[in-house]
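Dear colleague,

Please keep it open while you read.

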Amino acid sequence: MSSRADFAAAADDLAIRVLGALRGAKGTALVARHIDSAPDALAALAAIRVIGADTFSPYVLAGAAFHAEDAAAVARSFEAFPLPGSGPTAPVDERTAAWRDWATAQLLARLGGNGTWCVDAAQPEGDVALADTADWQRWSVRMAQLATLATPGLEGPVHDAARGAALPLSRGVTRSVLRRDFPTAVRLIRWLAWLAHEGVPLPLEPLLALEHVRLLGGESPRTALDLAVARHLLEGRHHQGTQEVRT
């Protein structure tokens with residue numbers, strides 16, 4: 001039976017593989033290799049659901065080639081574990097997990113090849129708390145839990161909420177840094193980086209916040225992956241600006 005340590009180690013292993021591909025490491029079928037080489041196949045499948053949409057970041061952000069074996073591996077992870085509740089009466093943590101699964105399923109269908117790999121992961125309905133930023137501390141913690149949705153090509157109510165909440169997100173970053181909660185800080189910086197990539201004006205410069213967290217927060221595999229995704233988004237913003245100037 002898989003232990004908590006097995007699941008954590010598997011998630012770290014997949015994060016390291018994705019990070020390597022995002023940084024330009026050559027290879028094929030990284031997700032399939034993650035499963036094939038794992039000492040615990042169930043934990044390896046669970047790790048795919050934990051890393052979620054970030055599994056696709058080398059393909060979305062760095063133009064890496066996506067392989068059918070990887071699509072099959074991601075689809076297998078959905079077969080191995082039931083989908084969480086996504087209705088208005090489902091607990092918040094289940095709706096959060098449902099959002100993450102929805103994002104993974106969206107990218108799987110898009111990159112998996114003409115809809116060959118489809119998972120019926122429904123977008124949660126009636127999640128009115130997403131737009132309620134009055135309690136920005138609680139709201140920003142939830143947005144940090146949804147940081148894998150801060151990925152180009154995804155669009156939905158979570159993204160609409162982020163577009164209208166640059167200030168609460170910036171407050172969340174500042175609060176997390178002051179509390180030395182660097183994993184939460186970097187996930188919120190990802191949202192700021194995504195907003196910058198979208199051209200939304202920000203009250204906080206995400207690149208400075210990113211460097212601060214990188215220097216002080218260490219680099220566990222998952223934090224390092226969050227940092228790398230945010231950096232790619234910010235570099236994309238600067239690249240777009242350069243292209244506009246040249247045009």
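A polar contact, as the term is used here, is a pair of N or O atoms within 3.5 Å, and within protein one of the two must be able to donate a hydrogen and the other to accept it. Please bear in mind throughout that this is a predicted model.

Helix α11 itself covers residues 206-216, and P206, A209, L210 and V213 are buried in it. Seen down the axis of α11, these buried residues fall within an arc of 105°, so they line one face of the helix. On the other side of α11, L208 and L215 are exposed.

Two arginines may also interest you. R49, which belongs to helix α3 (residues 41-51), is buried, with a relative accessible area of 13%. A polar atom of the R49 side chain lies 3.4 Å from the backbone oxygen of P82, and, leaving aside residues up to four places away in sequence, R49 touches S77, F78, F81, P82, L83, P84, R100 and D101. R163, in helix α8 (residues 157-163), is partly exposed, with a relative accessible area of 28%. With residues up to four places away in sequence again not counted, R163 touches E155, W194, L195, E198 and V200.

R49 returns when one turns to the pockets. The largest pocket has a volume of about 380 Å³, and of the 19 residues that line it, R49, V50, I51, R100 and R222 are the closest to its centre. Two or more lining residues come from each of α3, α6 (92-111), α7 (136-145), α10 (182-198) and α12 (221-246), and α3 gives the most, with 4 residues. By class, this lining has 9 nonpolar, 2 polar and 8 charged residues.

The second largest pocket has a volume of about 300 Å³ and is lined by 18 residues, of which A21, A25, K26, G27 and A64 lie nearest its centre. Helices α1 (4-22), α2 (30-36) and α4 (57-61) each supply at least two residues of that lining, the largest share, 3 residues, coming from α1. By class, the lining of the second largest pocket has 9 nonpolar, 5 polar and 4 charged residues.

With best wishes

Definitions and conventions
Residues numbered from 1 in each chain as written. Predicted model: local features only at pLDDT ≥ 70, side-chain atom pairs only at ≥ 80, totals over all residues. Heavy atoms only, no water. Buried < 20%, exposed > 50% of the residue type's maximum accessible area, 1.4 Å probe, protein only. Arc of directions from axis to C-beta. Contact = heavy atoms within 4.5 Å. 1 Å grid on protein atoms, 1.4 Å probe; cavity = no way out; pocket = protein on both sides within 12 Å on 5 of 7 lines; lining within 4 Å. Points joined across faces, edges and corners; volume = space filled by probe spheres on them. Nonpolar A, V, L, I, M, F, W, Y, C, P; charged D, E, K, R; others polar.
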